[in-house]
Amino acid sequence: MKVAYLGPTGTFSEEALDVAAQGAAFERMPLPTIHGAIEAVESGEAERAFVPFENSIEGTVRQTLDALAFDTERAAVVGEHDHEIRQALIAREEIPLERVEAVISHPQATAQCARFLRDSLPEADVRAVSSTSDAVRRVSVSEQPWAALGSAAAAEPYGCVVLRRGVEDEEGNVTRFAWLAPRDAELPPEDPDANWRTTLVFHELGEDRPGALTEALAELSDRGINMTRIESRPRRSGLGRYLFFIDLDGRADGGVVAEGIEALRGQAETVRILGSYQVEGPPPL
C-alpha cells in the first residue's frame, strides 16, 4: 500500500508516520508538498495519505484545509494521530549562534519557534521552504553560515549537526495528523468501544443577517452534539464569504449527529462531510 506524505527524508511527517503506522508494512511516497500528498489519494496514485492537520501552537495547517475544501471529492479523513513535535536547530557544522546569518524552515516550524528566533538569533534572516527536511538539505550543501529548524533525526542523513534541541516556544508542542483514503476504501474492522469524530465543512448561509451562524450551529448544540473545533476560511468567491470547518464528537451515519447534520443542511448553502473516523484508532492500512 502506498502512503503519500510530505517529504523528503527527515520531515516530521515521516517521523510521525513511522509511529502512527504501528509496524504495519507500507510503501513510502514522499512528495514535496502537502497538497501533492492529498492529490495522490484523490488521483488514485496512492492508497493513503498522512498529512498534518493542526498544531497546538499554530493552529490548523492551512494547506491541508484548503486542499480538502477546494481540491478533493474522493479523498476523505479516515483516521488521526497526535505526535509531539520537538524542533532542533541544525547546521552543516558546529558554529556559534551569533554566526548564523539565516534560518530556513517550513513556515509552521519557524512560527513554532518565533520566540527562540527573536531572543537567540535576532540578526538572522528567516526564510521559508517547503519542508523542514528540505531546509536541512539546503543547509547541508551551502557553504554559508545557515541553520535549519527541523527534526533532530534529519541531521544525520544529511551530514549535519544539531546546535540546539527543543527550541520550540512551548512544551507540549503537538501536531494532529490526518489519515486520508478514498471514500470507498476498505478499512480495518471497527472497534465497538472506540470514540468517533466527524469533520465537516459548510458554506456560509445564503442570507447575510445577524444571528444566522448562531442559528445554524444551534442545530448541533441543541441536540447535545459537542463541537470540538470550529474555524473559518475564505471561500475564494469574494470578500466576506467564508467556509466553516467543524469537528464533532460522534459518527455521522446515525443518531443525533446524523440528525444534526441533516438539520444543518437546511440552514447552510452546502454541507460536506470530510470524514467520520475513530479517534486514535488503529492505522487504516
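In the predicted model, helix 2 (residues 34-43) and helix 3 (residues 62-70) approach each other, their axes coming within 9 Å and crossing at roughly 30°. The crossing of helix 2 and helix 3 is right-handed. On the side of helix 2, the contact is made by Ile34, His35 and Ile38, and on the side of helix 3 by Gln63, Thr64, Ala67 and Leu68. Helix 3 also holds Asp66, which counts as buried at 6% relative accessibility. When residues up to four places away in sequence are not counted, Asp66 touches Asp71, Arg233 and Arg236.

Confidence in the model was considered next. The mean pLDDT of the protein is 93, and 70 or more is reached by 99% of its residues. Confidence is lowest in strand 4 (residues 59-60), where the mean is 88, and highest in strand 6 (residues 88-91), where it is 98.

Helix 6 (residues 132-141) is largely enclosed by the rest of the structure, because 7 of its 10 residues are buried. The buried residues are Thr132, Ser133, Asp134, Ala135, Val136, Val139 and Ser140. Their cover includes helix 1 (12-20), strand 6, strand 7 (102-105), helix 4 (107-112) and strand 9 (146-150). Within helix 6 lies Asp134, with a relative accessible area of 8%. Leaving aside neighbours within four places in sequence, Asp134 is in contact with Pro8 and Val129. Asp134 and Pro32 are 102 residues apart in sequence, while their C-alpha atoms are 8.7 Å apart in space.

Helix 1, which is part of the cover over helix 6, contains Ala16. Ala16 is buried, and its relative accessible area is 0%. Not counting residues up to four places away in sequence, Ala16 touches Phe50, His81, His83 and Phe177. From Ala16 to Phe70 the separation is 54 residues in sequence and 26 Å in space, C-alpha to C-alpha.

In helix 7 (residues 212-221), the buried residues are Ala212, Ala216, Leu217, Glu219 and Leu220. Seen down the axis of helix 7, these buried residues fall within an arc of 135°, and they therefore line one face of the helix. An α-helix has 3.6 residues a turn, so residues three or four places apart point the same way.

The cysteines were examined for disulfides. A disulfide is a covalent bond between the sulfur atoms of two cysteines. With a cut-off of 2.5 Å between sulfur atoms, the count comes to 0 disulfides. Cys113 is in no disulfide, and the nearest cysteine sulfur, in Cys160, is 17 Å away. Likewise, the closest cysteine sulfur to that of Cys160 is in Cys113, and the 17 Å between them is too far for a bond.

Definitions and conventions: Residues are numbered from 1 along each chain as its sequence is written. This is a predicted model: local features need pLDDT of at least 70, side-chain atom pairs count only at pLDDT 80 or more; totals for chains, interfaces and linings use all residues. Side-chain values use heavy atoms; hydrogens and water are left out. Buried means under 20% relative accessible area, exposed over 50%, partly exposed in between (1.4 Å probe, protein chains only). Helices (H or I, at least four residues) and strands (E, at least two) are DSSP runs, numbered from the N terminus. The arc is that of the directions from the helix axis to the C-beta atoms. pLDDT is the predictor's confidence in each residue, from 0 to 100. Axes are lines fitted to C-alpha atoms, for helices over the stretch in contact, and angles run from 0 to 180 degrees between N-to-C directions. A crossing is left-handed if the near helix is turned anticlockwise from the far one by less than a right angle, and right-handed if clockwise. Contact means heavy atoms within 4.5 Å.
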